[in-house]
Amino acid sequence: MKNRSHLKSIGRKTDNRKKAVTFLLAMALCLWGAGGGTSLAAVADESQGTVIIEYNNLRELLKQGNLSLKESIEDYEDNINAYQEIWDTLKREQDNMEDKAEDMDGEDSQTAGIYSSNAAMLKSSASRIYRQLDSMTSEKSTRSLEKSADTFTMTAQILMNSYNQMVQNVEYQEKRVESLQAAFEAMVRKQAAGSATQAQMKEAKKSLDTAGNSLDSLRLQAGELRRQLLTMLGIEDSSQVVIGAIPEPDMAAIEAVDYESDKNRAMGNDRNVQNARHTSASSTTEINIRFRLVEEAEGTKEAAFLASYQNLQASKTAYEAALTAFESARLTYEGLQRKQQAGLLTSTQYLEGQAAYLEKKAAKETASMNLAAAYESYCWEGKGISQT
């Protein structure tokens, strides 16, 4: 009797440990993310009442605010909890039947046998439920949720990158419109003084109108990208919501890219390749079909991954060229500022020079964000997540 009680005590401790492991596995879903993430996806500045959306926290913000992703996680957790509750009940009733069988063993062997039989049945049922729980919390089962979060994160990154690029274009175009407005006003004065023709003034007005229309279009596109991103994140738009900048590309990581090694990892993570490799085959015909399916899936993935790698290298070259052009424009602009301070430039000349500088700055920032996006895309391809 004493030994049985001791064994049951050990069994209960083991059961409790299993429950804790299962619970922690379920709770871990709230914590997984590319790069770990933090518990706060948007940084709040309480003194100003602003909310800043940071690029590196998009995954956390999606898990908190995206309805579709939240429902997937909640459904998964609900299923885990339901099976856990069933398992707890079965184990509790199993213990109860075993205790009764033990109590009746010396008094009524027939009743004790019934209790023992019921306990065995409950134990068998509990074992099946536990195997289901184990399967549900396995890496294979949770991987689909991670893949879903990966896809949402990748899309949010694309939207945020596109929005920031559009903002750069708006900044440049605003200054260009300002310089063209100044040039048009100068042309009006010249015409009044008889030193400019009507045709010249019409051309200046046409350039101003074209630039103005382009600016309006860019602003609309920026607003639409902002709306799409915030809707995806589940955040209501307001003047207090600030979309942060895209981090500078990690040049060290980009330089350290190992195409062959990354390609092999990408093959292993690709769902189509995995499915083809795991296709069952027993006959020679089926084996040949599987070989063909694997070859086709690997060829498709390799082509996509190679395109991603080539895009990364092209983006790197474009970024380096844009950076060189920007540095040259920055030096020119600094000289322009000195001339303006010395009173050697008209307002129109200075605005034109400022617009030219902002054009190069926008090109550099755009190339920087394109390179960051190309590296992200390359990494996603390696994880088996494709933009296509």
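This is a predicted model: local features need pLDDT of at least 70, side-chain atom pairs count only at pLDDT 80 or more; totals for chains, interfaces and linings use all residues.

Trainee: Okay, at what angle do α8 and α10 pack, and how far apart are their axes?

Mentor: Helix α8, residues 259-269, packs on helix α10, residues 284-341, at an angle of about 135°. Their axes are 10 Å apart, and the crossing is right-handed.

Trainee: Which residues make that contact?

Mentor: From α8 you have Y259, D262, K263, A266 and M267. On the α10 side they are E298, K301, E302, F305, L306 and Y309.

Trainee: And how many of those are nonpolar, polar or charged?

Mentor: The contact of α8 with α10 has 6 nonpolar and 5 charged residues, with no polar ones.

Trainee: What about α8 and α11, what's the angle there?

Mentor: About 50°, with the axes of α8 and α11 7 Å apart. That angle makes α8 oblique to α11.

Trainee: Which residues meet there?

Mentor: Y259, D262, R265, A266 and N269 of α8 meet Y378, E381 and G382 of α11. By class, that contact has 3 nonpolar, 2 polar and 3 charged residues.

Trainee: Switching topic: how many residues are in the largest nonpolar core?

Mentor: It has 38 residues. Those with the most contacts inside it are I53, L58, L62, M160, L229, L233 and I235.

Trainee: Which elements give two or more residues to this core?

Mentor: Those are α2 (58-65), α3 (67-104), α5 (139-192), α6 (198-233), β3 (241-243) and α11 (347-382). Another core, of 12 residues, lies apart from it, and V257, Y259, F305 and L312 are among its members.

Trainee: Back to L62, what does it touch?

Mentor: Beyond residues up to four places away in sequence, L62 touches L69, F152, T153, A156, M232 and L233.

Trainee: T153 is on that list. Is T153 buried or exposed?

Mentor: Buried: its relative accessible area is 5%, and the cut-off for buried is under 20%.

Trainee: Last one, I287: where is it, and what does it contact?

Mentor: I287 is in helix α10. Setting aside neighbours within four places in sequence, I287 contacts A281 and S282. At 27% relative accessibility, I287 counts as partly exposed.

Definitions and conventions:
Residues are numbered from 1 along each chain as its sequence is written. Side-chain values use heavy atoms; hydrogens and water are left out. Axes are lines fitted to C-alpha atoms, for helices over the stretch in contact, and angles run from 0 to 180 degrees between N-to-C directions. Helices (H or I, at least four residues) and strands (E, at least two) are DSSP runs, numbered from the N terminus. A crossing is left-handed if the near helix is turned anticlockwise from the far one by less than a right angle, and right-handed if clockwise. Contact means heavy atoms within 4.5 Å. Ala, Val, Leu, Ile, Met, Phe, Trp, Tyr, Cys and Pro count as nonpolar, Asp, Glu, Lys and Arg as charged, and the others, Gly among them, as polar. A nonpolar core is a set of buried Ala, Val, Leu, Ile, Met, Phe, Trp, Tyr and Cys residues joined through side-chain atoms within 4.5 Å. Buried means under 20% relative accessible area, exposed over 50%, partly exposed in between (1.4 Å probe, protein chains only). Angles under 35 degrees count as roughly parallel, over 145 as roughly antiparallel, 65 to 115 as roughly perpendicular and the rest as oblique.
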